[in-house]
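Trainee: I'd like to learn how to read a fold like this one. Can we go through it feature by feature?

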Amino acid sequence: MEEQHHQEMAGKTAEALIARLQMSPPINPLAVAKTEGRVLRTGGSDLGNRYDGKLEYVPSKRLFLLYYNTKYDAGLPDGEHHPRTLFSISHELGHYFI
């Protein structure tokens with residue numbers, strides 16, 4: 001029951017965020033991250049099997065860094081991301097906003 005409550009609260013947080021940003025589906029997670037540009041930076045690279053996404057806080061700069069793995073994007077046109085990459089970015093944004 002507690003887990004269900006947390007899931008519902010996460011959903012409400014996401015809905016409120018999208019409403020505040022005046023976005024509609026499909027939501028581009030990098031566009032969401034860009035709205036936090038003052039305190040959040042993103043960067044992607046082929047990280048092999050190290051990890052798919054990572055969120056790090058740098059206290060000295062009072063800044064969050066969101067890293068994502070682009071290994072799944074191979075063969076796609078520049079600027080396009082595989083659904084797995086978009087999921088990883090979205091997952092890390094969930095940590096950031098919650």
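Mentor: Let's begin with accessibility: a residue is buried under 20% relative accessible area, exposed over 50%, and partly exposed in between, using a 1.4 Å probe on protein chains only. Arg62 is exposed, with a relative accessible area of 65%. Before we go on, this is a predicted model, where local features need pLDDT of at least 70, side-chain atom pairs count only at pLDDT 80 or more, and totals for chains, interfaces and linings use all residues. Residues are numbered from 1 along each chain as its sequence is written, and side-chain values use heavy atoms, with hydrogens and water left out.

Trainee: How much of the protein counts as buried?

Mentor: Of its 98 residues, 22% do. The C-alpha atoms fill a box of roughly 40 × 35 × 30 Å along the principal axes.

Trainee: Which pattern does the protein follow along the sequence?

Mentor: First, how elements are called: helices (H or I, at least four residues) and strands (E, at least two) are DSSP runs, numbered from the N terminus. Here there are three helices and three strands, and the pattern reads α-α-β-β-β-α.

Trainee: Back to Arg62, then. Where does Arg62 lie?

Mentor: In the loop between β2 and β3. Check the backbone there too. Most residues other than glycine have a negative phi, and most peptide bonds are trans. Arg62 has a positive phi, near 50 degrees. Gln22 also has a positive phi, near 55 degrees; Gln22 sits in the loop between α1 and α2 and counts as exposed because its relative accessibility is 73%.

Trainee: And which residues does a cis peptide bond join?

Mentor: Pro25 and Pro26, with omega about -5 degrees. Pro26 is in the loop between α1 and α2.

Trainee: Now the helices. How many residues does α3 have?

Mentor: It has 15. To judge a helix's length, take the expected span, which is 1.5 Å times one less than its number of residues. From first C-alpha to last, α3 reaches 21 Å, close to the 21 Å expected.

Trainee: Which residues of α3 are buried?

Mentor: Thr85, Ser88, Ile89, Glu92, Leu93 and Tyr96. They cover an arc of only 135 degrees around the axis, so they sit on the same side of α3; the arc is that of the directions from the helix axis to the C-beta atoms. The general idea is that an α-helix has 3.6 residues a turn, so residues three or four places apart point the same way.

Trainee: What do those buried residues pack against?

Mentor: Packing is read from contacts, meaning heavy atoms within 4.5 Å. The buried residues of α3 pack against α2, β1 (40-45), β2 (53-58) and β3. Take Ser88, which counts as buried because its relative accessibility is 5%. Beyond its neighbours within four places in sequence, Ser88 is in contact with Asp52 and Gly53.

Trainee: How many residues are in the largest nonpolar core?

Mentor: A nonpolar core is a set of buried Ala, Val, Leu, Ile, Met, Phe, Trp, Tyr and Cys residues joined through side-chain atoms within 4.5 Å. The largest has 11 residues, including Leu17, Leu30, Tyr68, Ile89 and Leu93. Two or more residues come from each of α1, α2 (29-34), β3 (63-69) and α3. Tyr68 touches Leu30 and Ile89, among others, not counting residues up to four places away in sequence.

Trainee: How does a strand residue look by comparison?

Mentor: Arg41 counts as partly exposed because its relative accessibility is 41%. Setting aside neighbours within four places in sequence, Arg41 is in contact with Leu63, Phe64, Leu65 and Leu66. Arg41 and Leu63 are 22 residues apart in sequence and 7.6 Å apart in space, C-alpha to C-alpha.

Trainee: And across the whole protein, what share of contacts with a separation of 6 or more comes from residues 24 or more positions apart?

Mentor: That share is 43%. Ala10 lies in helix α1 (residues 2-21).
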